[in-house]
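I opened this notebook to keep track of what I looked up, one topic per entry.

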Amino acid sequence: MTALRAFLTAIARALLLLLAVSAMVFVATELLPGDAAGARASNGATVEQVAALRAETGQDRPAWQRYTAWLGSLATGRLGTSLVNDRPVADAISQRLPASTALVVLALAFAGPLILVIGCWAGAGSRTRGTRTAVVTGLAAVPQVVLAAVLSALFAGALGWLPPVSLLPPGGSPLESPHLLILPVLSVALPTVVFGAGLLAGAVADTVRRPHAVDSRLRGTPTVLFFARDVVPFLLTPLARVVAISAGGLIAAATVVETLFGYPGLGSLLVTSVSARDTPVVQAVAMAAAAVVLGGLLLADVIAVLADPRRAPRPKRRAPRYLGVQP
Amino acid sequence: MTRVLGTVLAVVLIGFTLLGEWAAPYSPTSPVTAAWAAPTTAHPLGADALGRDVWSRVVAGGRSLVLTAIPAALAASVVGVAGGLAAGWAGRRTDRILTGVADVFLAVPSLLLALVAATRLPGSAAVIVATVCGGAPLTLRVVRDAVTQIRHTGYVIAARTRGERSVAILVREVLPAMSGLVGADLGLRLVIALQIAAALGLLGFGAAPPAPDWALMLRENMTGVALNPAAVAAPAVALGLMTTTLALFAQSTAHRER
């Protein structure tokens, strides 16, 4: 019963957050100065033409009506059509989805184990903890663009091992040309590893201070066994949460990496739509990304309940104080 | 002492970045040698696609990023400190509402927010919006925690007993006691602002060509990475050094203050 209630709370919380995010996206794309009709008709359109275009796209209605109408169509799966090429937004998204999924899933598969290892390393040192935290802090401050550029300069430039751009053949699956994925996956995954390890280190430090862990250390348990038996099983809940939060960051990070390497995923679709002021596409991609982020957090909450049904999911996410930008 | 040293170093670092243009040996915006020329003694980092000297562009290239990031970090800090003071001082419902709102903003990746805001706003304004939305909640948390501790100290209780108004106590008693913490936190917000500004610049929403700008250089020079890797590596290293140094100093100060 408590578990059921905890599930329902978690779901309600995720839905509420999604609603809040939708309001943010709407305000940012619809209410800030400058509108799509004006931008679209900027090349020599008369005032009347702009007004007609506004009426046609419904932009002359009050904001709250437009918001509820937009929410309604989102909820029923109607994503609208692109302002630039009049293609359905859903088509554009489903076309880019496989490439993005491949990138994010591979990056997560790569990052997950490393988060655990480096998180344990950073959190467990008793005397060297300060230095280790400093290393993680310093690395976490490196902007992702820097990492991507340095990797590219090294492997594509100086060494010449990998292609500098990852353009996929039209209609080809990204998995058919795995060497094109190496640089994008590394550039997305490595900042996530540092970010996630920084988050996890706190939980590790708490775990190694628990009585059973202290005892085990005093008994002289070998390090590997100590972590495998006495630390990692207690990290399931925090790890799920960290991976969920990091996965949210991955999607935003993918925009930079996809643009830099010319990789045709959802991130580069978002970037081109933003520069073309293609509001429906921006809204749909942003909401899809937000839904994945919140879905991940929900999943982490569910795992927390399953791991310890007595305790309801804690609503507070601890964000690292030194960060803020998810990679 | 270390705090003074850290502050001086941060100011010097930012100062050099702002004034770097004067130290550039060549014009950062006009061609001086062959396109993608490899590093030589005259051009230690070679040239870019138009034959412009990469070293001169790197030296001059941090200015626009820093000038975008500073107001963004200040805005985030002001909003966060105000919110944190209110939440920590008022407690109860105000606290719950403010930290709840902060949590909502923290759930959205800052870069996603920056991009969505860039649909309508110019790049630098989008950096400010995203830094405030992504950074202020963290500042709010830190300041709130500090205020809840300070409000039970003797001098604050003394001021309350004297019958001073809340705003006066917060400005005259509480805020000065947290100046180190707030300063260190500002450094961390600057790191976030630089990260967002660099990402937006790379995506084409920042400085316009032919301006020398680290993010823009990464965007432009990526096509020639096989010809002159230094043209990509140099601005990246400069940006990375800047953010890492700022973060380490801010982090060590924040630890000592807490």
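Before sorting residues I set the terms: buried means under 20% relative accessible area, exposed means over 50%, and partly exposed is what falls in between. I also note that this is a predicted model.

**Entry 1: salt bridges**

How many salt bridges are there over all chains? I get a count of 16.

I began with Arg229(A) and Asp230(A), whose side chains form a salt bridge at 3.5 Å, N to O. Arg229(A) has a relative accessible area of 41%, so I file it as partly exposed. Asp230(A) comes to 8%, and I file it as buried.

Next I looked at Arg162(B) and Glu164(B), where the salt bridge is 2.7 Å from N to O. Arg162(B) is exposed at 53% relative accessible area. Glu164(B), at 22%, is partly exposed.

I then found both residues in a network of salt bridges that links Asp48(B), Arg52(B), Arg57(B) and Glu220(B).

**Entry 2: nonpolar cores**

I looked up the largest nonpolar core and found 130 residues in it. The residues with the most contacts inside this core are Val145(A), Leu115(B), Phe205(B) and Trp214(B).

I took Phe205(B) and listed its contacts, leaving aside neighbours within four places in sequence. From chain A the list holds Val271(A), Val274(A) and Ser275(A). From chain B it holds Leu115(B), Ala118(B), Gly123(B) and Leu200(B).

There is also a second, separate core of 16 residues. Among its members I noted Val81(B), Val156(B), Met178(B) and Leu181(B).

**Entry 3: a bent helix**

Where does helix H8 of chain A bend? I find the bend, about 30°, at Leu200(A), in a helix that covers residues 179–208. Of the 30 residues of H8(A), 24 are buried, so I describe the helix as largely enclosed by the rest of the structure.

**Entry 4: rings**

I count 5 aromatic pairs over all chains. One of them is Tyr67(A) with Trp70(A), a tilted pair with 6.2 Å centre to centre and 40° between the planes. The two residues are 3 apart in helix H4 (residues 63–75) of chain A, which means about one helical turn separates them. I checked accessibility as well: Tyr67(A) and Trp70(A) are both buried.

Is the pair of Phe226(A) and Phe227(A) stacked or edge-to-face? The ring centres are 5.3 Å apart and the planes stand at 65°, so the pair is edge-to-face. Phe226(A) is buried at 2% relative accessible area, and Phe227(A) is buried at 16%.

Going back to Tyr67(A) and Trp70(A), I see that ring pairs link them with Phe26(A) into a cluster.

Key
Residues numbered from 1 in each chain as written. Chains lettered and ligands numbered in written order. Predicted model: local features only at pLDDT ≥ 70, side-chain atom pairs only at ≥ 80, totals over all residues. Heavy atoms only, no water. Salt bridge = Lys/Arg side-chain N within 4 Å of Asp/Glu carboxyl O. Buried < 20%, exposed > 50% of the residue type's maximum accessible area, 1.4 Å probe, protein only. Core = buried A, V, L, I, M, F, W, Y, C linked by side-chain atoms within 4.5 Å. Contact = heavy atoms within 4.5 Å. Bend = angle between axes of the 7 residues up to and from the residue. Helix = DSSP H or I, 4+ residues; strand = E, 2+ residues; numbered from the N terminus. Phe/Tyr/Trp six-rings, centres within 6.5 Å; stacked < 30°, edge-to-face > 60°.
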